[in-house]
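Hi everyone, thanks for having me.

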Amino acid sequence: MVTFLNIEFLFIVLFLMNDITSNNLLYSFSIFDSTPPTGEGSAPEIYYYFCNDPAIKNDKIYQLNQIGYILAFMTFCRQFSTDLPLDYIFTKNHEYSLLELSGSIWMAVVINSKKPENRALLHSILLHLRNIFSSYFFP
């Protein structure tokens with residue numbers, strides 16, 4: 001159970017994401033538990049989810065599908081002999097950047113993009129958010 005995520009951190013996240021959302025680049029931002037659900041029909045734990053698309057902003061099934069998609073990629077990549085976790089996914093319409101926040105808690109930012117050209121930018125944004133989180137919640 002995560003007890004350290006609070007409203008101040010989420011406001012900081014939204015404030016920092018404001019420039020990206022004003023240009024409609026940001027598709028979604030989420031904070032979730034990377035531990036795959038074990039029971040049949042159980043859902044992944046999503047601590048925070050923001051979507052810039054008003055049509056699906058409050059659609060819980062879409063949120064679960066998107067986090068489940070990320071978890072499927074993460075689980076698949078763990079099967080290979082590498083010490084590096086999955087940190088980037090590029091699809092036909094989106095770029096996903098992932099970063100471990102703490103333990104099994106991860107952040108993901110998704111932007112609308114047709115070309116894989118924003119990997120470093122997305123990773124630096126998530127690193128900055130993790131540094132802010134660490135300054136608030138870790139000694």
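This is a predicted model: local features need pLDDT of at least 70, side-chain atom pairs count only at pLDDT 80 or more; totals for chains, interfaces and linings use all residues.

Confidence is highest in strand β3, residues 88–90, with a mean of 93. At the other end of the scale is helix α2, residues 18–22, where the mean is 50, the lowest in the chain. Now look at residues 1–7: the pLDDT there is below 50, although in the model this stretch has eleven contacts beyond near neighbours in sequence.

Okay, the overall layout. We've got four helices and five strands. If you walk along the sequence, the order is α-α-β-β-α-β-β-β-α. The chain has 139 residues, and 39% of them are buried. Its accessible surface is about 8,300 Å², with 57% of that belonging to carbon and sulfur atoms. And if you take the contacts between residues at least 6 apart in sequence, 56% of them join residues at least 24 apart.

Let's zoom in on Cys51, which you'll find in strand β2, residues 46–51. Is Cys51 buried or exposed? Its relative accessibility is 1%, and buried means under 20%, so Cys51 counts as buried. Who does Cys51 touch, leaving out residues up to four places away in sequence? That would be Tyr27, Ser28, Ile56 and Lys57. Also have a look at Leu26: Leu26 and Cys51 are 25 residues apart in sequence, yet their C-alphas are 7.9 Å apart in space.

Last stop, the charged pair. Side chains of opposite charge can pair when their charged atoms come close. The structure holds one salt bridge, and Asp87 and Arg119 form it, with 2.8 Å between the closest N and O atoms. The two partners come from distant parts of the chain, 32 residues apart: Asp87 sits in the loop between α3 and β3, while Arg119 belongs to helix α4, residues 119–137. How covered up are they? Asp87 has a relative accessible area of 26%, so it counts as partly exposed. Arg119 is partly exposed too, at 43%.

That's my tour, and I'm happy to go back to any part of it.

Notes: Residues are numbered from 1 along each chain as its sequence is written. Side-chain values use heavy atoms; hydrogens and water are left out. Helices (H or I, at least four residues) and strands (E, at least two) are DSSP runs, numbered from the N terminus. Buried means under 20% relative accessible area, exposed over 50%, partly exposed in between (1.4 Å probe, protein chains only). Contact means heavy atoms within 4.5 Å. pLDDT is the predictor's confidence in each residue, from 0 to 100. Accessible areas come from the Shrake-Rupley method with a 1.4 Å probe; for residues, only the protein chains shown count as cover. A salt bridge is a side-chain nitrogen of Lys or Arg within 4 Å of a carboxyl oxygen of Asp or Glu.
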